[in-house]
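Please look over the model below with the following notes beside you.

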Amino acid sequence: MTSITKEEIHKLLNPMKVIGLGGNPQLNEKVASTLGVPLIETTVHHFSDGEIQVNVAESVRGCDVFVIQSIQDPVNENFMELEIVLDALHRASAHTVNCVIPYLAYSRSDTKTRSREPITAKLIANLLQLTGIDRVLTIDLHASQIQGFYNVPVDHLHAISLLAQYFLDNGIAAKDDDVVVVSPDHSGTKLARVFGQYFNAPIAIVDQRGARYDDSVHDMIGDVKGKKCIIVDDLIDTGTRLASSTRSVFAAGATKVYVAATHALLSQDAIKILNGLPLEQIVVTDTIKHEKYPDRMVRISVDRLLAKGIDHIYNDRSIHDIFDEQNRFTKD
C-alpha cells in the first residue's frame, strides 16, 4: 500500500492558487513562474465613474490563495482593487486568503507626531483585515513595528541582502574594503548598520535635522573623506533627500557615491533630480513598476524572494529559514 504524505494531502485538499493584480504585472508573472503555478485569470474593469468591478475566472473553493498586489501609484486605486478581490475570494469560500504586497503604501504614516494626525498605516491594516485575510507577506516596511498593527501573521521579508550581494558580486564593495555605508538621516541608522555588516564597513550619518531637505550641505557624523560611500535607504520618493545626502557626502570628501534602496517610488521630478546627481549607480529592486527609470539605475528582482516566502507559507515551513539562507554568505 502506497503511503501519502501530509504535504501531498494538503496539496490535494487545498491547492495553491495565485492571483496577480494590476500594480506590478511583470513581477506577478515572475513570481508565478518561479513557483511553477499559473496566475488565475482575473478581470478587473474600471467604470467611467471610477468604480471597480472584479471577476475571478475560476473556482477557489477550498484553495490557499495568494494575491500579489504592489500598492503603488495610483495608490488608492490599487489598494481598492486589492480590497475588492479579497472580498470576492472570501465570499467564494477560499480556504485561506494571503496578501502578498511587495510595496505597502502608507507605511510612512506609522505614528502620531502632531495633534489631529492620523495613523494611516493602522487604518490600512484594519481595512485589509475587514476582508477576512489570513496573512500578509511584504518586503521592507518603512517601520518594522507596523507588523503589530495586524492581528494576523505578517511575514516581513528584507531585500537588504539582495542589494548587498549585488555590490559584492560586481566588485563594487568587498569585505574589509575602503567603504562607508551612509544613512541619509538619524532614523535610518539601524538600516545602515545592518547593511554595513555585509562589508564589515563603518557607517556615517548625514546630520539632517527637521523634515525638510533643501540644497544646503549638512554636517556628517563619521568619516567619509577619501572613501567610497553607499547611501542606503528603504525607499526613494521624490529624490530630494537623496540629493541633499549626496551633496553632503561629497562635501565631506567622499570619492565615489552609490545608492542602495528597496523601493523606487520615483514620484514628481525624481527622475530629473536623480539624473542630475553625480552618482555611480542607484541599485533598487523591482517591487514597484514604472514606464521610465533614471540613468544608472539597476533593478534587482525580488521574484525569488517572494516565491520562497509563498512556498514556505503554503508548506508550513519557517520563514526564518529564508533569513538564514540570506545571511549565510556574510559568515564566509
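1. On a 1 Å grid over the protein atoms alone, a cavity is a set of points where a 1.4 Å probe fits but cannot get out, and its lining residues have an atom within 4 Å of a point. Grid points are joined across faces, edges and corners, and a volume is the space filled by probe spheres set on the points. By this rule there is 1 cavity of 30 Å³ or more, and the largest cavity has a volume of about 60 Å³.

2. This is a predicted model, in which local features need pLDDT of at least 70 and side-chain atom pairs count only at pLDDT 80 or more, while totals for chains, interfaces and linings use all residues. Residues are numbered from 1 along each chain as its sequence is written, and side-chain values use heavy atoms, with hydrogens and water left out.

3. The largest cavity is lined by Y103, L104, S107, R108, T138, I139, D140, L141, H142, D234, L235 and H263. Two or more residues of this lining come from each of the elements β6 (135–139) and β11 (228–236), strands being DSSP runs of E with at least two residues and helices runs of H or I with at least four, numbered from the N terminus. By class, the lining has 5 nonpolar, 4 polar and 3 charged residues; Ala, Val, Leu, Ile, Met, Phe, Trp, Tyr, Cys and Pro count as nonpolar, Asp, Glu, Lys and Arg as charged, and the others, Gly among them, as polar.

4. I4, I9, L12 and L13 make a nonpolar surface patch of about 410 Å², where a patch joins nonpolar side chains (Val, Leu, Ile, Met, Phe, Trp, Tyr) within 5 Å, from residues with over 30% relative accessible area and no salt bridge. A salt bridge is a side-chain nitrogen of Lys or Arg within 4 Å of a carboxyl oxygen of Asp or Glu. I4 is placed in the segment before α1 (6–13), and I4 counts as partly exposed because its relative accessibility is 46%, which falls between buried (under 20%) and exposed (over 50%).

5. Most residues other than glycine have a negative phi, and most peptide bonds are trans. D73 and P74 are joined by a cis peptide bond with omega about 0°, and P74 is found in the loop between β4 (64–68) and α3 (75–91).

6. R116, although not a glycine, has a positive phi of about 60°; R116 is in the loop between β5 (96–101) and α4 (120–130), and counts as exposed because its relative accessibility is 77%.

Technical notes
1 Å grid on protein atoms, 1.4 Å probe; cavity = no way out; pocket = protein on both sides within 12 Å on 5 of 7 lines; lining within 4 Å. Patch = residues over 30% accessible without salt bridge, like charges linked within 9 Å, V, L, I, M, F, W, Y side chains within 5 Å. Areas by Shrake-Rupley, 256 points an atom, 1.4 Å probe, with all protein chains shown as cover. Buried < 20%, exposed > 50% of the residue type's maximum accessible area, 1.4 Å probe, protein only.
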